[in-house]
Amino acid sequence: MKTARTLTAVTRHRFLVALTAVVAMTSLAFGRDTKRVITDLGVKEGTVIADVGCGRGGLSFQLSKVVGAKGKVFATEISDKCLKTVAERIKKEKVTNIEVMKSDRTKTKLAPSSLDAAIVVDVLHHVRKENRFALVKDIAASLKPGGHFFIIDNKVKDKITSEHVARVDFMAMTKAAGLTLDAEFFYLKNEVFLRFRKSAK
Ligand SMILES: C[S@@+](CC[C@H](N)C(=O)[O-])C[C@H]1O[C@@H](n2cnc3c(N)ncnc32)[C@H](O)[C@@H]1O
């Protein structure tokens, strides 16, 4: 009996080690060094940030550890299934600083001027073209003056497909929302990583 229990513990441990390796490999396969990305988001204890289109919440949970009890992560989604997954994990892990929010296609429902930063990872090319300007404008409105908006999305390699947003379109929609490009990070293999700033006034 004792041996069986020990074996189960060993099997569980091996499974967790293998799972961690797969997650790390997947992250590398997509060319995304998440730790480095989080550093470049400038997130620290007390930061209030929105992960817009959070999916299953992988980034939100990592951000929650960095912002701590004084900070907050708003995990927004249009998908009920994703929100349910995130909410269940919050409950299971007893996380107190992530708030899930059900958004509309062009409205996050985030409070105006409430965020230090917002990020959209692999989201904008999924948003219908006619909704992108309105969504970005809504996100910009939720930033505090001087706040940052980050875009990570597929890099255009050969031609623009439905999996991409043209750079000129990123620039047009952020400009219309009153945001200015103030940094770009080039280390992601398959994605562009842009930082925009809302004017301090
Ligand atoms: C490819 S997933 C990326 C999820 C997550 N950001 C990640 O990197 O793992 C795209 C997500 O964007 C969400 N989405 C699409 N349009 C959206 C919108 N207008 N507002 C918020 N989320 C949206 C989808 O429901 C989907 O979960």
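Colleague: How many helices and strands does the secondary structure of the chain come to?

Modeller: This is a predicted model, in which local features need pLDDT of at least 70, side-chain atom pairs count only at pLDDT 80 or more, and totals for chains, interfaces and linings use all residues. Residues are numbered from 1 along each chain as its sequence is written. Helices (H or I, at least four residues) and strands (E, at least two) are DSSP runs, numbered from the N terminus. Along the sequence the pattern is α-α-β-α-β-α-β-β-α-β-α-β-β, and the count is six helices and seven strands.

Colleague: Is Leu115 buried or exposed?

Modeller: Leu115 lies in strand 4 (residues 115-121). A residue is buried if 20 or more other C-beta atoms lie within 10 Å of its own, exposed if 12 or fewer, and partly exposed in between, with C-beta atoms placed from the backbone. Because Leu115 has 26 other C-beta atoms within 10 Å, Leu115 is buried.

Colleague: How far apart in space are Leu115 and Ala50?

Modeller: Leu115 touches Ala50, among other residues beyond four places away in sequence; a contact requires C-beta atoms, placed from the backbone, within 7 Å. The two residues are 65 residues apart in sequence, and their C-alpha to C-alpha distance is 7.2 Å.

Colleague: What is the handedness of the β-α-β crossover from strand 2 to strand 3?

Modeller: Strand 2 (residues 72-77) and strand 3 (residues 98-102) pair in the parallel sense over five bridges, where pairing requires at least two DSSP bridges. The chain passes between these strands through helix 4 (residues 80-93), and the crossover is right-handed. With the strands pointing away from the viewer, that term denotes a path from the first strand over the helix to the second that runs clockwise.

Colleague: How many residues of the shell around the ligand are charged?

Modeller: The ligand is surrounded by 18 residues (C-beta atom, placed from the backbone, within 6 Å), and the closest are Gly53, Gly55, Ser79, Val121 and Asp122. Ala, Val, Leu, Ile, Met, Phe, Trp, Tyr, Cys and Pro count as nonpolar, Asp, Glu, Lys and Arg as charged, and the others, Gly among them, as polar. The shell divides into eight nonpolar and seven polar residues, and the charged ones number three.

Notes: Two residues are in contact if their C-beta atoms, placed from the backbone, lie within 7 Å.
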